[in-house]
Amino acid sequence: MIRLLVLITTLLFASSALAAGSDPAPKEAACTTAPRELKDLYYGEALYYAFQGDWFDSIARLDTELWQYHGLDEPQRDSLFQHIDQAEFAVGDFELAYRMHQRAGRAITAVIEGNLEEPVRNTAIFRLARLYFRKDQPVQALHILERIDGAVPAELREDLAFLHAQTLMANGRFADAAPILRQLQGGEGYAGFAGYNLGIALIKDGQELEGRQYLDRNGLIESAVPATLAIRDKSNLVLGEKLLEEDGYDGAKQVLDRVRLDGPFSNRALLGSGWADAFQGRFERALVPWSILAEREITDSAVQEALLAVPYAYAKLGVYSKAAVLYGRALQAFGTEVDKLDASIASIREGRFLQALVGEELKQDGNWVVKLRQLPETPETYYLLDLMASHDFQESLKNYLDLEELRKKLATWEGDLDAFEELIRLRRAYYEPLLPEIDSQFRRLDSRMRLRLEQRDHIEKRLQAMLTAPRPDYLATAQERILKEQLAQIDQDQVEDGELEARIGRLQGVLEFNIHTDYDRRLTEAYQHLHDLNRLIDALQKQYAAFVRVRQAATQSYQGYDETIRRQRSRIGEARETVATLMARQGHILEVMAVNELSSRRDRLAEYQIKARFSLADSYDRAARAEGLKKVEQ
Amino acid sequence: MFGGLRTVILAIAMLMLGIPAYGEEFSKEQMKGLDEQVQDIKADVLGIAAQLTRLEEKLLYPSDTQVAVFLSLADGEEFRLDAVEIQLGGKPVADHLYSFKELEALQKGGRQRLYTGNITTGDHELQVTLSGKSGGSDFLRTEHFTVSKGVGPKIVEVTLAEKSLGFKDW
């Protein structure tokens, strides 16, 4: 049963407009791939989310990266520079996958108009066109496709051709679509689908006979692929029903009997096959497919009709008593189904349908209809199968689920802002009492440090000057300076004493001799000391810079956020209101679609009930009359 | 009673074409208008997300102390990655159990930021433990690397492989 539902979902996708044909499988994945050599890890991170189909996070991360990149003075020095063209394309690509075709359209159009290689450019055009097509905007889709020019990646050729044909059909240009579909027929990717669409295109173009021939041929294709077998069944069903409409009963029966008994179109085929016999008065033969059908899942409209058709055939065969019993059984079954439908409609109106749709168990994937069916307390989704597979419903549902995801994110972020504010409060409470004393100590150290740095600069300048104008006296030791002064003092104070004068002169000579002869060594040593001092000063400056950074970080950890948080809170609040409004509107549309569908089915069943009641009474009368006649004859 | 058989057949055909009109209906224009509004709010919320990311980074991971550990999968690796745990400075800071989708995203070349945090300048030991399955048997691999933190954010990448793990300092 699950396989059946998946097939129906696949085949009925976009079936609201028959002219648009059938698509083998809708693909949502983006086409961006990882670069051979990744130069920017944050770009790689955006890809990580994109490869999981988490479009919101991939776009948010890439947006942040691109915003930072474009804010740089020298973006060519940023690691994203190596991937910037791919990143600009990727963000549009992810937006397409996130079904933001307006914004993605602009981004991709910019990329398309940029200097890109033809295959990349054409891939972008294809994706943009496909999104417009899926958004039911075939005119724009065709307009975009007309910009395809030059080389197309080999793996995209069939997809592109099929999309082109579908878009042409959706624009009513069936004659233009036909040659494309003819060429696609041989390919494996669209086996069966190209033939089916070709048949439809030709019929719509007025080439009825040729179109039917294609449908007929398509109804005979051999394949083991479930989707191909299903489209083969659909070809037979469409052709068979066309023949029935035109009284081609034998041909219709022959074609309808090709439909597999376990395929998604088997119920309608069995019903039609029965009518093909019934229209020719062959009620006994009509009973064969109808009896099989009447035993199947009762929520199917064809099965419900068969519940009336079987007793109708018995009545036509004159077996009125059997007909009466079967009409009674149908009446009872319809009553049960009407009750179930009423309950389902009430359940939808109470909001349970939407609750089920956004439940954690149900995620957006190819099997969502199946999953929905397996949920408890879900309305009778068998009745909604066709509706749920329709394009409008799917688009509405995806929007609703996207909005639900946004709602959850916004609620979480509001909580995050509360946490940020608490964090800031705690930081302020911790730092503010500490900082005045720290700042005071720092100022004292800072002034001492500045003084020492000035001294160092002074020494350096002096040493530099001594390289060109030697000044040995500058390098005299403290002891030598004291001795020099003492000798000068003695010389000044001395009484006339020739011997003492000579002695002072000798000592001064020795002192000067030492100072001058040791000058080079002392200069070298002074430079070594300066070098050692520079190392210490470098370490000091690093420590100084580290302190300044930490000091700034301390203040920045709690200052300057109030306005940003207030603005974010306001934006989140507004966004939450908008999301709530849009969810209500989108949810209402979904509910109305579901209620309309169920009400329509309910009304049909109500009509069947009336018919069954009349037919039951009529069959009883006829059975009674027949019984009376039999007795009279006896 | 069943005189209108042709009508019934036509009704069946109509069922295939779409939803019959009933009750309240919505025009294509209404649906398109709503869809455009949904796109607008998506753009707004993405804008909020980008702002919040910047705010969060500034508030929680200042560039002076920020460290980020990214994971990637070596080319051609076919083992099934089950879990990764990392320890920084001897303390467990992050671990992750992998879903099929996440593994596939890594295989396609995506990079996972497993950990963002704060550390002081200097050297820190990074221990990475990988558990997975290869050829039907489980395996566990632990390797150690050194993260040298200077001024400015520190970004490192660990490349996961069955035989040995790679380390790149960005």
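Is A:Trp413 buried or exposed? With a relative accessible area of 11%, A:Trp413 is buried, where buried means under 20% relative accessible area, exposed over 50% and partly exposed in between (1.4 Å probe, protein chains only). The model is predicted, so local features need pLDDT of at least 70 and side-chain atom pairs count only at pLDDT 80 or more, while totals for chains, interfaces and linings use all residues. Residues are numbered from 1 along each chain as its sequence is written, chains are lettered from A and ligands numbered from 1 in the order in which they are written, and side-chain values use heavy atoms, with hydrogens and water left out.

Aromatic pairs were examined across the structure. Over all chains, 19 such pairs are present; rings of Phe, Tyr and Trp (its six-membered ring) pair if their centres lie within 6.5 Å, with planes under 30 degrees apart counted as stacked, over 60 as edge-to-face and the rest as tilted. A:Phe56 and A:Trp413 form a tilted pair, with 6.2 Å from centre to centre and 40 degrees between the planes. This pair links distant parts of the chain, 357 residues apart: A:Phe56 belongs to helix H3 (residues 55-70) of chain A and A:Trp413 to helix H21 (residues 391-468) of chain A. Helices (H or I, at least four residues) and strands (E, at least two) are DSSP runs, numbered from the N terminus. A:Phe56 is likewise buried, at a relative accessible area of 1%. A:Trp275 and A:Trp290 form an edge-to-face pair, 4.8 Å centre to centre with 75 degrees between the planes. Helix H14 (residues 266-278) of chain A holds A:Trp275 and helix H15 (residues 283-294) of chain A holds A:Trp290, 15 residues apart.

In one of them, the closest N and O atoms of A:Arg99 and A:Glu395 are 3.1 Å apart. A:Arg99 lies in the loop between helix H4 (84-97) and H5 of chain A and A:Glu395 in helix H21 of chain A, so the pair ties together parts that are 296 residues apart in sequence. A:Arg99 and A:Glu395 are both buried. A:Asp277 forms a salt bridge with A:Arg282, at 3.0 Å between the closest N and O atoms; A:Asp277 is buried at 0% relative accessibility, whereas A:Arg282 is partly exposed at 25%. Within helix H25 of chain A, A:Asp618 and A:Arg622 lie 4 residues apart, about one turn of the helix, and their side chains meet in a salt bridge (2.9 Å, N to O). A:Asp618 is partly exposed, with a relative accessible area of 32%, as is A:Arg622, at 34%.

The interface of the two chains was then considered. In all, 88 residues of chain A are in contact (heavy atoms within 4.5 Å) with 69 residues of chain B. The area buried between chain A and chain B is about 7400 Å², with 67% given by carbon and sulfur atoms; buried area is the accessible area (1.4 Å probe) that two parts lose on being put together, summed over both. A:Leu41, A:Tyr42 and A:Tyr48 supply 10% of the area that chain A buries against chain B, more than any other three residues. Across this interface 4 salt bridges are found. The side chains of A:Asp402 and B:Lys42 meet in a salt bridge at 2.8 Å, N to O, and a network of salt bridges links A:Glu45, A:Asp57, A:Arg61, A:Lys409 and B:Arg113. The charged end of B:Arg54 sits over the ring of A:Trp67, 3.5 Å from its centre, the criterion being NZ of Lys or CZ of Arg within 6 Å of the ring centre and within 35 degrees of the ring normal.

Chain B contains 3 helices and 8 strands, and 45% of its 170 residues count as buried. B:Ser72 is placed in strand E1 (residues 66-73) of chain B and is buried at 2% relative accessibility.
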